[in-house]
Amino acid sequence: MRPKIYITRKLPDQIVTRLAEVCEVKMWEKEEEPVPREILEKEIVDIDGLYCLLTENIDKPLLDLGTKLKVVSNMAVGYNNIDVAAATEKGIMVTNTPGVLTETTADLTFALLMATARRVVEASDYLRAGDWKTWSPMQLTGKDIHGASLGIFGLGRIGEALAKRARGFDMKVYYHNRTRKPEAEAQLGIEFAEKDQLLRESDFVCVLMPFTPETKNYIGAEELSLMKKSAILINTARGGIVDEEALYHALKNGDIWAAGIDVFEEEPVRTDHPLLSLQNVVALPHIGSASQKTRLKMAALAAENLVQGLLGETPRHLVNR
Ligand code: DGY
(Lines give C-alpha, C1' and ligand atoms only; values in the text may rest on other atoms or scores of the structure.)
Protein backbone atom coordinates (compact mmCIF):
# COMPACT_ATOMS: atom_id res chain seq x y z
CA MET A 1 0.00 0.00 0.00
CA ARG A 2 1.31 3.43 -0.95
CA PRO A 3 1.68 5.88 1.93
CA LYS A 4 -0.96 8.60 2.06
CA ILE A 5 0.13 12.20 2.25
CA TYR A 6 -1.56 15.56 2.52
CA ILE A 7 -0.01 18.74 1.06
CA THR A 8 -1.25 21.93 2.68
CA ARG A 9 -0.83 24.25 -0.32
CA LYS A 10 -0.83 23.99 -4.09
CA LEU A 11 2.70 23.08 -5.17
CA PRO A 12 4.34 23.26 -8.60
CA ASP A 13 3.34 20.31 -10.80
CA GLN A 14 6.78 18.69 -10.93
CA ILE A 15 6.89 18.42 -7.14
CA VAL A 16 3.43 16.87 -6.95
CA THR A 17 4.36 14.44 -9.77
CA ARG A 18 7.47 13.36 -7.86
CA LEU A 19 5.48 12.79 -4.67
CA ALA A 20 2.80 10.88 -6.60
CA GLU A 21 5.44 8.38 -7.80
CA VAL A 22 5.65 7.11 -4.24
CA CYS A 23 2.56 8.34 -2.40
CA GLU A 24 -1.17 8.66 -2.62
CA VAL A 25 -1.42 12.43 -2.75
CA LYS A 26 -4.14 14.78 -1.59
CA MET A 27 -3.53 18.52 -1.73
CA TRP A 28 -5.17 21.78 -0.68
CA GLU A 29 -5.50 23.24 -4.17
CA LYS A 30 -5.36 26.96 -3.35
CA GLU A 31 -2.22 28.96 -3.84
CA GLU A 32 -3.01 32.12 -1.93
CA GLU A 33 -5.12 30.77 0.89
CA PRO A 34 -3.97 28.56 3.74
CA VAL A 35 -5.81 25.36 4.46
CA PRO A 36 -8.49 25.93 7.14
CA ARG A 37 -7.71 24.29 10.44
CA GLU A 38 -10.91 22.15 10.38
CA ILE A 39 -9.88 20.62 7.07
CA LEU A 40 -6.37 19.91 8.28
CA GLU A 41 -7.82 18.30 11.41
CA LYS A 42 -9.90 16.02 9.21
CA GLU A 43 -7.15 15.18 6.72
CA ILE A 44 -4.47 14.43 9.30
CA VAL A 45 -6.45 11.50 10.71
CA ASP A 46 -5.79 9.25 7.77
CA ILE A 47 -2.32 10.16 6.50
CA ASP A 48 1.22 8.84 6.89
CA GLY A 49 2.93 12.04 5.86
CA LEU A 50 2.19 15.76 6.03
CA TYR A 51 3.82 18.28 3.69
CA CYS A 52 3.29 21.70 5.28
CA LEU A 53 4.35 25.33 5.17
CA LEU A 54 5.30 27.76 7.92
CA THR A 55 1.73 29.07 7.79
CA GLU A 56 0.37 25.94 9.46
CA ASN A 57 0.42 25.57 13.20
CA ILE A 58 1.33 21.94 13.74
CA ASP A 59 0.66 21.82 17.46
CA LYS A 60 0.10 18.94 19.87
CA PRO A 61 -3.72 18.81 19.52
CA LEU A 62 -3.30 18.46 15.76
CA LEU A 63 -0.56 15.85 16.08
CA ASP A 64 -2.77 13.92 18.53
CA LEU A 65 -5.25 13.45 15.69
CA GLY A 66 -2.61 12.05 13.35
CA THR A 67 -2.47 8.58 14.80
CA LYS A 68 -0.87 7.13 11.63
CA LEU A 69 1.44 10.05 11.03
CA LYS A 70 5.12 9.23 10.53
CA VAL A 71 6.62 12.34 8.95
CA VAL A 72 5.93 16.06 9.01
CA SER A 73 7.91 17.81 6.29
CA ASN A 74 8.11 21.60 6.56
CA MET A 75 8.93 23.56 3.42
CA ALA A 76 11.08 26.03 5.36
CA VAL A 77 14.32 26.05 7.29
CA GLY A 78 12.57 27.47 10.36
CA TYR A 79 10.21 25.07 12.14
CA ASN A 80 8.86 27.14 15.02
CA ASN A 81 5.38 26.42 13.62
CA ILE A 82 5.75 22.78 14.67
CA ASP A 83 5.67 21.38 18.20
CA VAL A 84 8.77 19.27 17.69
CA ALA A 85 8.78 17.97 21.26
CA ALA A 86 5.23 16.62 20.86
CA ALA A 87 6.13 15.07 17.50
CA THR A 88 9.23 13.44 18.95
CA GLU A 89 7.25 12.00 21.82
CA LYS A 90 4.94 10.38 19.30
CA GLY A 91 7.81 9.10 17.16
CA ILE A 92 6.92 11.43 14.30
CA MET A 93 9.84 12.65 12.22
CA VAL A 94 10.06 16.39 11.54
CA THR A 95 12.11 17.68 8.61
CA ASN A 96 13.09 21.09 7.24
CA THR A 97 14.90 22.59 4.24
CA PRO A 98 18.21 24.15 5.26
CA GLY A 99 21.04 25.04 2.88
CA VAL A 100 19.13 25.63 -0.33
CA LEU A 101 17.84 29.05 0.73
CA THR A 102 21.00 30.41 2.36
CA GLU A 103 22.33 32.65 -0.41
CA THR A 104 18.89 33.87 -1.52
CA THR A 105 17.94 34.88 2.02
CA ALA A 106 21.29 36.61 2.51
CA ASP A 107 20.67 38.48 -0.77
CA LEU A 108 17.30 39.71 0.47
CA THR A 109 18.71 40.67 3.86
CA PHE A 110 21.33 42.78 2.16
CA ALA A 111 18.74 44.22 -0.23
CA LEU A 112 16.58 45.24 2.71
CA LEU A 113 19.58 46.75 4.46
CA MET A 114 20.40 48.79 1.37
CA ALA A 115 16.79 49.79 0.69
CA THR A 116 16.39 50.98 4.27
CA ALA A 117 19.70 52.83 4.44
CA ARG A 118 19.19 54.61 1.13
CA ARG A 119 15.43 55.16 1.55
CA VAL A 120 14.74 53.41 -1.75
CA VAL A 121 11.03 52.74 -1.20
CA GLU A 122 10.35 56.18 0.24
CA ALA A 123 12.20 57.84 -2.66
CA SER A 124 10.31 55.81 -5.23
CA ASP A 125 6.97 56.70 -3.59
CA TYR A 126 8.03 60.38 -3.52
CA LEU A 127 8.70 60.36 -7.24
CA ARG A 128 5.46 58.52 -8.11
CA ALA A 129 3.46 60.90 -5.93
CA GLY A 130 4.72 63.83 -8.04
CA ASP A 131 6.61 65.39 -5.12
CA TRP A 132 9.93 65.60 -7.00
CA LYS A 133 10.14 69.28 -7.91
CA THR A 134 13.90 69.72 -8.13
CA TRP A 135 17.27 68.19 -7.19
CA SER A 136 18.31 69.50 -3.84
CA PRO A 137 21.44 69.03 -1.70
CA MET A 138 20.04 67.14 1.28
CA GLN A 139 16.95 65.69 -0.35
CA LEU A 140 16.21 62.04 0.63
CA THR A 141 19.68 61.55 2.02
CA GLY A 142 20.29 58.25 3.79
CA LYS A 143 23.13 56.35 5.41
CA ASP A 144 26.27 54.98 3.82
CA ILE A 145 26.61 51.23 3.69
CA HIS A 146 30.24 51.01 2.58
CA GLY A 147 32.62 51.30 5.50
CA ALA A 148 29.83 51.03 8.08
CA SER A 149 29.68 48.44 10.86
CA LEU A 150 27.34 45.47 10.73
CA GLY A 151 26.29 43.38 13.71
CA ILE A 152 24.83 39.94 13.05
CA PHE A 153 22.80 38.11 15.66
CA GLY A 154 22.93 34.43 14.78
CA LEU A 155 25.93 33.26 12.77
CA GLY A 156 24.37 30.29 11.02
CA ARG A 157 24.58 29.65 7.30
CA ILE A 158 22.66 32.82 6.40
CA GLY A 159 24.64 34.94 8.86
CA GLU A 160 27.90 33.80 7.30
CA ALA A 161 26.58 34.43 3.80
CA LEU A 162 25.58 37.94 4.88
CA ALA A 163 29.04 38.57 6.34
CA LYS A 164 30.56 37.59 2.98
CA ARG A 165 28.44 40.18 1.23
CA ALA A 166 29.37 42.83 3.81
CA ARG A 167 33.06 42.30 3.08
CA GLY A 168 32.49 43.52 -0.45
CA PHE A 169 31.27 46.78 1.05
CA ASP A 170 34.28 47.13 3.37
CA MET A 171 32.07 46.78 6.39
CA LYS A 172 33.36 45.99 9.85
CA VAL A 173 31.42 42.91 10.87
CA TYR A 174 30.59 41.84 14.43
CA TYR A 175 28.60 38.75 15.29
CA HIS A 176 26.98 37.32 18.36
CA ASN A 177 26.13 33.65 18.57
CA ARG A 178 25.56 31.02 21.25
CA THR A 179 28.91 29.50 20.33
CA ARG A 180 31.93 31.32 19.02
CA LYS A 181 33.07 30.37 15.54
CA PRO A 182 36.85 30.87 15.31
CA GLU A 183 37.04 29.37 11.82
CA ALA A 184 34.43 31.76 10.46
CA GLU A 185 36.18 34.63 12.27
CA ALA A 186 39.44 33.84 10.52
CA GLN A 187 37.86 33.12 7.14
CA LEU A 188 35.50 36.08 6.99
CA GLY A 189 37.50 38.57 9.04
CA ILE A 190 34.66 39.04 11.49
CA GLU A 191 34.75 39.67 15.22
CA PHE A 192 32.76 38.10 18.06
CA ALA A 193 31.01 40.65 20.27
CA GLU A 194 28.91 40.36 23.40
CA LYS A 195 25.29 41.27 22.88
CA ASP A 196 25.55 44.78 24.37
CA GLN A 197 28.76 45.59 22.55
CA LEU A 198 27.28 44.51 19.23
CA LEU A 199 24.24 46.71 19.82
CA ARG A 200 26.35 49.71 20.80
CA GLU A 201 28.90 49.49 17.99
CA SER A 202 26.86 48.52 14.95
CA ASP A 203 25.46 50.88 12.33
CA PHE A 204 23.33 47.99 11.09
CA VAL A 205 22.00 45.23 13.32
CA CYS A 206 20.71 42.14 11.51
CA VAL A 207 18.64 39.50 13.27
CA LEU A 208 19.20 36.04 11.78
CA MET A 209 18.69 33.63 14.65
CA PRO A 210 16.04 30.91 14.94
CA PHE A 211 12.84 31.72 16.81
CA THR A 212 12.64 29.69 20.02
CA PRO A 213 11.18 30.38 23.48
CA GLU A 214 14.65 31.73 24.42
CA THR A 215 14.81 34.20 21.51
CA LYS A 216 11.29 35.58 21.92
CA ASN A 217 11.62 39.39 22.20
CA TYR A 218 15.41 39.01 22.12
CA ILE A 219 15.46 42.60 20.83
CA GLY A 220 13.25 44.67 23.13
CA ALA A 221 13.15 48.19 24.55
CA GLU A 222 16.39 47.74 26.47
CA GLU A 223 18.32 46.42 23.48
CA LEU A 224 16.96 49.14 21.21
CA SER A 225 18.02 51.79 23.73
CA LEU A 226 21.61 50.57 23.45
CA MET A 227 21.70 51.03 19.69
CA LYS A 228 23.03 54.19 18.05
CA LYS A 229 20.41 56.78 17.18
CA SER A 230 21.70 56.51 13.62
CA ALA A 231 21.42 52.69 13.54
CA ILE A 232 19.21 50.50 11.38
CA LEU A 233 17.64 47.23 12.48
CA ILE A 234 16.98 44.48 9.94
CA ASN A 235 14.93 41.38 10.70
CA THR A 236 14.65 38.59 8.14
CA ALA A 237 14.39 35.75 10.68
CA ARG A 238 11.08 35.62 12.58
CA GLY A 239 8.80 38.35 13.86
CA GLY A 240 8.65 37.27 17.47
CA ILE A 241 12.39 37.82 17.96
CA VAL A 242 11.90 41.58 17.92
CA ASP A 243 9.36 43.19 20.25
CA GLU A 244 7.25 45.07 17.70
CA GLU A 245 5.76 47.54 20.15
CA ALA A 246 9.18 48.48 21.49
CA LEU A 247 10.48 48.79 17.94
CA TYR A 248 7.60 51.07 16.99
CA HIS A 249 8.35 53.42 19.91
CA ALA A 250 12.10 53.40 19.24
CA LEU A 251 11.52 54.33 15.60
CA LYS A 252 8.89 56.94 16.38
CA ASN A 253 10.99 58.58 19.10
CA GLY A 254 14.13 58.58 16.97
CA ASP A 255 15.97 56.19 19.31
CA ILE A 256 17.05 54.32 16.17
CA TRP A 257 17.01 55.63 12.62
CA ALA A 258 15.12 53.01 10.62
CA ALA A 259 14.15 49.36 10.31
CA GLY A 260 13.82 46.83 7.53
CA ILE A 261 11.41 44.05 8.33
CA ASP A 262 10.58 40.97 6.31
CA VAL A 263 8.84 39.06 9.11
CA PHE A 264 6.12 39.87 11.61
CA GLU A 265 4.81 38.35 14.77
CA GLU A 266 1.46 37.83 13.09
CA GLU A 267 1.50 37.10 9.40
CA PRO A 268 0.07 38.35 7.15
CA VAL A 269 0.57 41.62 8.98
CA ARG A 270 -2.52 43.84 9.29
CA THR A 271 -2.28 46.91 7.08
CA ASP A 272 -3.13 49.06 10.12
CA HIS A 273 -0.14 47.69 12.06
CA PRO A 274 1.56 50.71 13.74
CA LEU A 275 4.94 49.87 12.18
CA LEU A 276 3.47 50.31 8.71
CA SER A 277 2.51 53.89 9.51
CA LEU A 278 6.16 54.87 9.82
CA GLN A 279 8.10 56.33 6.91
CA ASN A 280 11.38 54.96 8.28
CA VAL A 281 10.25 51.34 7.97
CA VAL A 282 10.71 49.21 4.88
CA ALA A 283 8.35 46.27 5.26
CA LEU A 284 8.18 43.13 3.14
CA PRO A 285 5.82 40.14 3.16
CA HIS A 286 8.23 37.38 4.29
CA ILE A 287 10.05 37.01 0.96
CA GLY A 288 13.56 36.18 2.22
CA SER A 289 13.80 32.95 0.25
CA ALA A 290 11.52 34.01 -2.57
CA SER A 291 13.54 33.53 -5.72
CA GLN A 292 12.02 31.20 -8.30
CA LYS A 293 14.99 28.82 -8.25
CA THR A 294 15.22 28.69 -4.47
CA ARG A 295 11.52 28.15 -3.83
CA LEU A 296 11.60 25.23 -6.27
CA LYS A 297 14.65 23.80 -4.50
CA MET A 298 12.93 24.14 -1.13
CA ALA A 299 9.78 22.46 -2.44
CA ALA A 300 11.82 19.60 -3.93
CA LEU A 301 13.89 19.15 -0.79
CA ALA A 302 10.78 19.03 1.39
CA ALA A 303 9.37 16.38 -0.97
CA GLU A 304 12.57 14.29 -0.77
CA ASN A 305 12.63 14.53 3.03
CA LEU A 306 9.05 13.31 3.13
CA VAL A 307 9.62 10.44 0.70
CA GLN A 308 12.77 9.32 2.52
CA GLY A 309 10.97 9.24 5.84
CA LEU A 310 7.99 7.37 4.44
CA LEU A 311 10.25 4.79 2.77
CA GLY A 312 11.83 4.04 6.13
CA GLU A 313 15.05 5.91 5.45
CA THR A 314 16.49 8.67 7.59
CA PRO A 315 15.51 11.92 5.88
CA ARG A 316 18.42 14.12 4.91
CA HIS A 317 17.19 16.97 7.05
CA LEU A 318 15.67 15.40 10.10
CA VAL A 319 15.16 17.90 12.90
CA ASN A 320 14.42 15.44 15.71
CA ARG A 321 17.15 12.89 15.18
C1 DGY B 1 12.23 29.73 6.27
O2 DGY B 1 12.58 28.87 5.44
O3 DGY B 1 12.20 29.49 7.48
C4 DGY B 1 11.90 31.09 5.76
O5 DGY B 1 11.38 31.92 6.70
C6 DGY B 1 11.02 31.01 4.53
O7 DGY B 1 11.87 30.68 3.52
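Contact here means heavy atoms within 4.5 Å. The legends below describe a predicted model.

**View 1. Leu-19 and its surroundings.**
Setting aside neighbours within four places in sequence, Leu-19 touches a set of residues from separate parts of the chain listed here. Ile-5, Ile-7 and Leu-11 are in contact with Leu-19, as are Val-25 and Tyr-51. Ala-303, Leu-306 and Val-307 complete the list.

**View 2. The largest nonpolar core.**
This core, the largest in the protein, has 50 residues. Leu-19 is one of those with the most contacts inside it. Leu-11, Tyr-51, Leu-150, Ile-152, Met-171 and Phe-204 share that standing. Helix α12, residues 292-310, gives the most to this core, with seven residues. Two domains take part: domain 1 (4-98 + 292-310) and domain 2 (102-283) each supply at least three residues.

**View 3. The cis peptide bond at Pro-268.**
Glu-267 and Pro-268 are joined by a cis peptide bond. Its omega is about -5 degrees. Pro-268 sits in a loop, with β11 (258-261) on one side and β12 (281-283) on the other.

**View 4. Leu-140, a residue with positive phi.**
Leu-140 is not a glycine, yet its phi is positive, at about 50 degrees. The loop that holds Leu-140 runs between α6 (120-128) and β6 (149-153). Is Leu-140 buried, exposed or partly exposed? Its relative accessible area is 24%. Buried means under 20% and exposed over 50%, so Leu-140 counts as partly exposed.

**View 5. His-286, with positive phi.**
His-286 also has a positive phi of about 50 degrees although it is not a glycine. The loop between β12 and α12 contains His-286.

**View 6. The whole chain, for orientation.**
The protein has twelve helices and twelve strands. Along its principal axes, the C-alpha trace spans about 70 × 50 × 30 Å. What radius of gyration would a compact globule with 321 residues have? The value would be near 20 Å, and the protein has 21 Å, which agrees. Of the 321 residues, 49% count as buried. The accessible surface comes to about 16000 Å², and 52% of this belongs to carbon and sulfur atoms. Among contacts between residues at least 6 apart in sequence, 59% join residues at least 24 apart.

Note on methods:
Residues numbered from 1 in each chain as written. Predicted model: local features only at pLDDT ≥ 70, side-chain atom pairs only at ≥ 80, totals over all residues. Heavy atoms only, no water. Core = buried A, V, L, I, M, F, W, Y, C linked by side-chain atoms within 4.5 Å. Buried < 20%, exposed > 50% of the residue type's maximum accessible area, 1.4 Å probe, protein only. Helix = DSSP H or I, 4+ residues; strand = E, 2+ residues; numbered from the N terminus. Domains from an automatic or database assignment. Rg over C-alpha atoms; globule rule 2.2 N^0.38 Å. Areas by Shrake-Rupley, 256 points an atom, 1.4 Å probe, with all protein chains shown as cover.
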